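Trainee: I have a model on screen and a list of questions about it. Can we work through them one by one?

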Amino acid sequence: MKQKKIESEFTNLKKQTLRKEKKNKNLTNINWVIKITLLAFLISFGFSFASETIIPNVNIIVGILLVILFVIIGIIFDMIGMSVASADPVPFHSMGARKIKGAKLAIKFKKNSDKVSSFCNDVIGDICGIVSGSAGAIVSVNLAIKLNVNAFFVTLIVMAIISALTIGGKALFKSYAINKSNIILYNFCRIVCLFYKGK
């Protein structure tokens, strides 16, 4: 009896999922996947090029600050991606009707929340994680040379610190992003409006 009830619930769940898929026909948009892949390549190439050319030629303090900057950018964009996914669109419709700057863009972002979240979390967030790791490796080697110690252990410690800061920062700001999602999305849209002609 219990097994039949579970099977019935699972069947209902599958039906609801199929209805949702029919409603969202653009759930798997091949064009978007191609665009985001190319965009990820270009951004990753740019960030990696910057870290590989700048960090070896600056002093260790500047190198460490650049690594921290990459970590912070990754955390911020992860928070933005989470807030877009969990934001409530209703207040933005009301603000858009009153022509408040940034509201229409917030509605647009919310309608495309899967794409915006993918860009913020997967493209910028993940790229920053990878680049901060490679930049951290360069800083580790420079630090080991300066301190005249074993580069292997310095690299292990630096990479562990970068990982801890990234994971801890994202965990800390995830709950904040969910609780303050509308405020974060609105402020983000106001900043984007400075560079974007749409309202």
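Trainee: Let me start with one residue. Is Ser-140 buried or exposed?

Mentor: Keep in mind that this is a predicted model. Ser-140 is found in helix α6. The cut-off for buried is under 20% relative accessible area. Ser-140 has a relative accessible area of 0%, so Ser-140 is buried.

Trainee: Which residues is Ser-140 in contact with, leaving aside its neighbours within four places in sequence?

Mentor: Start from the burial of Ser-140, with a relative accessible area of 0%. Then set aside the neighbours within four places in sequence. The contacts of Ser-140 are then Val-154, Thr-155 and Val-158.

Trainee: How far apart in space are Ile-157 and Ser-140, C-alpha to C-alpha?

Mentor: Ile-157 has its place in helix α7, residues 151-179. Ile-157 is exposed, with a relative accessible area of 53%, whereas Ser-140 is buried. The two are 17 residues apart in sequence. Their C-alpha separation in space is 8.7 Å.

Trainee: Now the whole fold. What pattern does the protein chain follow along the sequence?

Mentor: Count the elements before reading the order. The protein chain has eight helices and zero strands. Read along the sequence, the pattern is α-α-α-α-α-α-α-α.

Trainee: What share of the contacts with a separation of 6 or more comes from residues 24 or more positions apart?

Mentor: The protein chain has 199 residues, and buried residues make up 32% of them. For the contacts, take those with a separation of 6 or more in the protein chain. Residues 24 or more positions apart account for 82%.

Trainee: Which residues of helix α4 are buried, and how are they arranged?

Mentor: Helix α4 covers residues 90-97, and its buried residues are Phe-92, Met-95 and Gly-96. Seen down the axis of α4, these buried residues fall within an arc of 100°, so they line one face of the helix.

Trainee: Which exposed residues sit on the face of α4 turned away from its buried side?

Mentor: First place the buried side. The buried residues of α4 pack against α5 (103-111) and α8 (181-193). The face turned away from that side carries the exposed residues Val-90 and Ala-97.

Trainee: How far from the C-alpha of Ala-87 is that of Ser-181?

Mentor: Ser-181 has its place in helix α8. At 5% relative accessibility, Ser-181 counts as buried. Leaving aside neighbours within four places in sequence, Ser-181 is in contact with Ser-83, Ser-86, Ala-87 and Tyr-176. Ser-181 and Ala-87 are 94 residues apart along the chain, yet their C-alpha atoms are separated by 4.9 Å.

Trainee: How many disulfides are there?

Mentor: Cys-120 is buried, with a relative accessible area of 2%. Cys-128 is also buried, with a relative accessible area of 2%. A disulfide needs a pair of cysteine sulfur atoms within 2.5 Å. By this rule the count is zero.

Trainee: Which helix supplies the largest share of the lining of the largest pocket?

Mentor: The largest pocket holds about 260 Å³ of space. α2 (30-54), α5 and α6 (113-147) each supply at least two residues of its lining. The largest share is four residues, and the helix that supplies them is α6.

Trainee: How many nonpolar residues are in that lining?

Mentor: The lining residues include Trp-32, Leu-39, Phe-109, Cys-120 and Tyr-196. Also among them are Lys-108, Asn-112 and Lys-115. By class, the lining has one polar and two charged residues, and the nonpolar count is nine.

Definitions and conventions. Residues numbered from 1 in each chain as written. Predicted model: local features only at pLDDT ≥ 70, side-chain atom pairs only at ≥ 80, totals over all residues. Heavy atoms only, no water. Buried < 20%, exposed > 50% of the residue type's maximum accessible area, 1.4 Å probe, protein only. Arc of directions from axis to C-beta. Contact = heavy atoms within 4.5 Å. 1 Å grid on protein atoms, 1.4 Å probe; cavity = no way out; pocket = protein on both sides within 12 Å on 5 of 7 lines; lining within 4 Å. Points joined across faces, edges and corners; volume = space filled by probe spheres on them. Nonpolar A, V, L, I, M, F, W, Y, C, P; charged D, E, K, R; others polar.
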